[in-house]
Amino acid sequence: MDISKIRVALDGPSGAGKSTVAKILAEKMGYVYVDTGALYRTVGLYAMENGVAKDDERGIIALLESIDVRLTYENGEQHVLLCGCDVGGKIRTPEASMYASAVSKIPEVRAYLLDLQKKIAEKGGVVMDGRDIGTVIMPDAEIKVFMTATPEERARRRLKELIEKGENVTFDEVLADMIQRDKNDSERAAAPLKPADDAVMFINDGYDAEGSADYIIDLIRKKTNTQ
């Protein structure tokens, strides 16, 4: 098995550190990193900026006719373009997170983004993180990991990220948002958050991002019989 063509599906709840770990993993292994959550955040941002409520499914579906979401890669980093504009900073706020959770429940939104993700996955040598990568986007991925941590640990991590970005939020607010997102993601009708049947369960309390990435790299090397 060619280690350079391995596809890694990294699923788990919000705040598990998936994006950070996936970036480190991709850099160490020479893979392309795809932050699928950023795509849903971008659709949510578009709805928010157009004054459509996050529970207005018909309104959000109508917006799909005018939205243009694209991924570009510069110096190995992913950039998400919304109608030609890089929205990397705007999509990471708590409000954008709640919109992302809401729009990801809508089958029409998932169908809109599905083809884009599958085309990238076909090439191999890719790391994708999200909620349904191992179950829907890359069900035949060679490595599937469901990475999680306690809600409190995930809230602490997310709070640190938000404070570093200048957001004025409290731990209790972030924890409440985390618990609500877990509920929304696990109960939605379209591709609910759940591990693939053959996924490795990885509870990473006590691991830093480097350690988590190394844990997955060890899985890859065992799968490909390389050291």
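Predicted model: local features only at pLDDT ≥ 70, side-chain atom pairs only at ≥ 80, totals over all residues.
**Entry 1: salt bridges**

I looked up the salt bridges and found that the structure holds 18 of them. Side chains of opposite charge can pair when their charged atoms come close. I went through several cases one by one.

I began with Asp 214 and Lys 28, which form a salt bridge whose closest N and O atoms are 2.8 Å apart. Asp 214 belongs to helix H9 (residues 209-224) and Lys 28 to helix H1 (residues 18-29), so this pair ties together parts that are 186 residues apart in sequence. I checked the accessibility of each partner. Asp 214 has 39% relative accessibility and counts as partly exposed. Lys 28 is also partly exposed, at 41%.

I then turned to Lys 90 and Glu 49, where the closest N and O atoms of the salt bridge are 3.4 Å apart. This pair also links distant parts of the chain, since Lys 90 sits in the loop between E5 and helix H4 (94-103) while Glu 49 is in helix H2, 41 residues apart. For Glu 49 I noted 47% relative accessibility, which makes the residue partly exposed.

Next I took a pair within one helix. Arg 158 and Glu 161 meet through their side chains in a salt bridge, at 3.3 Å from N to O. Both are in helix H7 (residues 151-164), and because they are three residues apart, about one helical turn separates them.

**Entry 2: negative patch**

Asp 55, Asp 56, Glu 57 and Glu 108 form a negative one. I followed up on Asp 56, which lies in the loop between helix H2 (36-49) and helix H3 (57-63). Its relative accessibility is 33%, so Asp 56 counts as partly exposed.

**Entry 3: Thr 42**

I went back to helix H2 for Thr 42, which lies in that helix. Its relative accessibility is 0%, so I list Thr 42 as buried. What does Thr 42 contact, leaving aside neighbours within four places in sequence? The residues are Val 69, Val 80, Leu 82, Val 87 and Ile 91.

**Entry 4: Cys 83**

I checked backbone angles and stopped at Cys 83. Its phi is near 50 degrees, a positive value in a residue other than glycine. Most residues other than glycine have a negative phi. Cys 83 is in the loop between strand E4 (77-82) and strand E5 (85-86). With 40% relative accessibility, Cys 83 counts as partly exposed.

**Entry 5: Met 128**

I looked up Met 128 in strand E6 (residues 126-130). The relative accessibility of Met 128 is 0%, so this residue counts as buried. Not counting residues up to four places away in sequence, Met 128 touches Val 8, Ala 9, Leu 10, Val 34, Thr 36, Gln 117, Ile 120, Ala 121, Ile 133, Ile 137 and Met 138. I took one distance here: Met 128 and Met 138 are ten residues apart in sequence and 8.7 Å apart from C-alpha to C-alpha.

**Entry 6: Lys 119**

I then looked at Lys 119, which lies in helix H5 (residues 107-122). At 57% relative accessibility, over the 50% cut-off, Lys 119 counts as exposed. Lys 119 and Ile 137 are 18 residues apart in sequence, and their C-alpha atoms are 9.9 Å apart in space.

**Entry 7: Ile 143**

Is Ile 143 buried or exposed? Its relative accessibility is 6%; this is under the 20% cut-off, so Ile 143 counts as buried. Leaving aside neighbours within four places in sequence, I found Ile 143 in contact with Ile 6, Arg 7, Val 8, Ala 9, Ile 216, Leu 219, Ile 220 and Lys 223.

Terms used. Residues numbered from 1 in each chain as written. Heavy atoms only, no water. Patch = residues over 30% accessible without salt bridge, like charges linked within 9 Å, V, L, I, M, F, W, Y side chains within 5 Å. Areas by Shrake-Rupley, 256 points an atom, 1.4 Å probe, with all protein chains shown as cover. Salt bridge = Lys/Arg side-chain N within 4 Å of Asp/Glu carboxyl O. Lys, Arg positive; Asp, Glu negative; His and termini not counted. Charge placed at Lys NZ, Arg CZ, Asp CG, Glu CD. Helix = DSSP H or I, 4+ residues; strand = E, 2+ residues; numbered from the N terminus. Buried < 20%, exposed > 50% of the residue type's maximum accessible area, 1.4 Å probe, protein only. Contact = heavy atoms within 4.5 Å.
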